[in-house]
Amino acid sequence: MNELDQYYRELGLEPGASLEEVNQAYKDLAFIWHPDRIPKDNARLVSKAQDKLKQINEARDRLRSGPGKPSASDRPSSGYQTNKSSAGYTYSNPPHPGDRTHAHAQGQRRSHKPHNPDLTGADLRGQNLREKDLSGRNLSHANLSQADLSDGFLHKINLSGANLQGANLFRANLLQANLTYANLQNVNLIGADLSGADLTGADLRGAKIGTKDRLFVKLIGTKLTGAIMPDGRIHE
């Protein structure tokens, strides 16, 4: 097996898979192996997750490079990286192909964090934000009613007081998100990860969270004090 074939296998793909398949496989694995999903008191699993992320980052970057193109070491990584100043993890978007300022931007990306504009009160009703990375963004009091946020990276996002009525949050990563007093009526939360999120006072009436007998939302360490649950009762 040659080197490229090994990288395909690392992402669970057959050799020769399309770039779209490579990107999707990477997103799926990065979501699964995000270190914040691992209990901090389990050092062995945290270390394993960090190593796994390094491997899939390298595999994706090398497969994106292709024959004759710069290797991953010659350009900034577009995947999850360790942030030494905060011991956390960030996710940045890949550079646009054909960008003439790419060479200049490389140096800037190595020394500066990506710009995350303040979106307080933004009107994003019905917007297609599927698979978007909004981690750490401030969208407090924003209007996201009927928006599609499925498979989104919303880690540590601030949605305090936001209107998400009828939004689609299917399989969204909402780890440690701030959803205090947010309107989550009739929202689709099937498959979403709300571990460590704060839903104090949030309105979840009519929200889809599973079946009568099974819960399909991850709520490890989630704060629900005063939240209105899907059945209308107030959580104490």
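## Overall layout

The protein has four helices and two strands. The model is predicted. Read from the N terminus, the order of elements is α-α-α-β-β-α.

The protein counts 236 residues, and 42% of them are buried. Take the contacts between residues at least 6 apart in sequence: 26% of these join residues at least 24 apart.

## Helix 2 against helix 3

Two packed helices are described by the angle between their axes and the distance between the axes. Helix 2 covers residues 19-32, and its axis comes within 10 Å of the axis of helix 3. The two axes cross at roughly 170°. Helix 2 is therefore roughly antiparallel to helix 3, because the angle is over 145 degrees. The crossing of this pair is left-handed.

Which residues make the contact? Helix 2 brings Leu19, Val22, Asn23, Tyr26, Leu29 and Ala30. Helix 3 answers with Leu53, Ile56, Asn57, Arg60, Leu63 and Arg64. By type, the contact of helix 2 with helix 3 holds eight nonpolar residues, two polar and two charged.

## Helix 1 against helix 3

Helix 3 also packs with helix 1. Here the angle is about 125°, and the axes lie 9 Å apart. That makes helix 1 oblique to helix 3. Helix 1 also passes helix 3 in a left-handed crossing.

On the helix 1 side, the contact involves Glu3, Leu4, Tyr7, Tyr8 and Glu10. On the helix 3 side are Lys52, Gln55, Ile56, Glu58, Ala59, Arg62 and Leu63. What types of residue meet in the contact of helix 1 with helix 3? They divide into six nonpolar, one polar and five charged.

Side chains of opposite charge can pair when their charged atoms come close. Glutamate 10 and lysine 52 form such a salt bridge, with N and O 3.2 Å apart. The pair links distant parts of the chain. Glutamate 10 sits in helix 1 (residues 3-10), while lysine 52 sits in helix 3 (residues 43-65). The two residues are 42 apart in the chain.

Is glutamate 10 buried or partly exposed? Its relative accessible area is 25%, so glutamate 10 is partly exposed.

## Other salt bridges

How many salt bridges does the structure hold? The count is nine. One of them joins arginine 125 to aspartate 123, with the closest N and O atoms 2.5 Å apart. Aspartate 123 is partly exposed, at a relative accessible area of 47%.

Another salt bridge pairs the side chains of arginine 205 and aspartate 203, again at 2.5 Å from N to O. Arginine 205 is partly exposed, with a relative accessible area of 39%. Aspartate 203 has 11% relative accessibility and counts as buried, because this value is under 20%. Elsewhere, salt bridges with shared partners join Arg130, Asp151 and Arg171 into one network.

## Leucine 164, a buried residue

Leucine 164 lies in the segment after helix 4 (102-111). Its relative accessible area is 0%, so leucine 164 is buried.

What surrounds leucine 164, leaving aside its neighbours within four places in sequence? Its contacts are Leu144, Ser145, Leu149, Leu159, Leu179, Ala182, Asn183, Leu184, Gln185 and Val187. One of these, leucine 149, stands 15 residues away along the chain. The C-alpha atoms of leucine 164 and leucine 149 are separated by 10.0 Å.

## Two positive phi angles

Most residues other than glycine have a negative phi. Glutamate 131 has a positive phi of about 65°, although it is not a glycine. Glutamate 131 is placed in the segment after helix 4.

Lysine 156 also has a positive phi, near 60°. Lysine 156 too belongs to the segment after helix 4. With a relative accessible area of 46%, lysine 156 is partly exposed.

Technical notes: Residues are numbered from 1 along each chain as its sequence is written. This is a predicted model: local features need pLDDT of at least 70, side-chain atom pairs count only at pLDDT 80 or more; totals for chains, interfaces and linings use all residues. Side-chain values use heavy atoms; hydrogens and water are left out. A salt bridge is a side-chain nitrogen of Lys or Arg within 4 Å of a carboxyl oxygen of Asp or Glu. Buried means under 20% relative accessible area, exposed over 50%, partly exposed in between (1.4 Å probe, protein chains only). Axes are lines fitted to C-alpha atoms, for helices over the stretch in contact, and angles run from 0 to 180 degrees between N-to-C directions. Angles under 35 degrees count as roughly parallel, over 145 as roughly antiparallel, 65 to 115 as roughly perpendicular and the rest as oblique. A crossing is left-handed if the near helix is turned anticlockwise from the far one by less than a right angle, and right-handed if clockwise. Contact means heavy atoms within 4.5 Å. Ala, Val, Leu, Ile, Met, Phe, Trp, Tyr, Cys and Pro count as nonpolar, Asp, Glu, Lys and Arg as charged, and the others, Gly among them, as polar.
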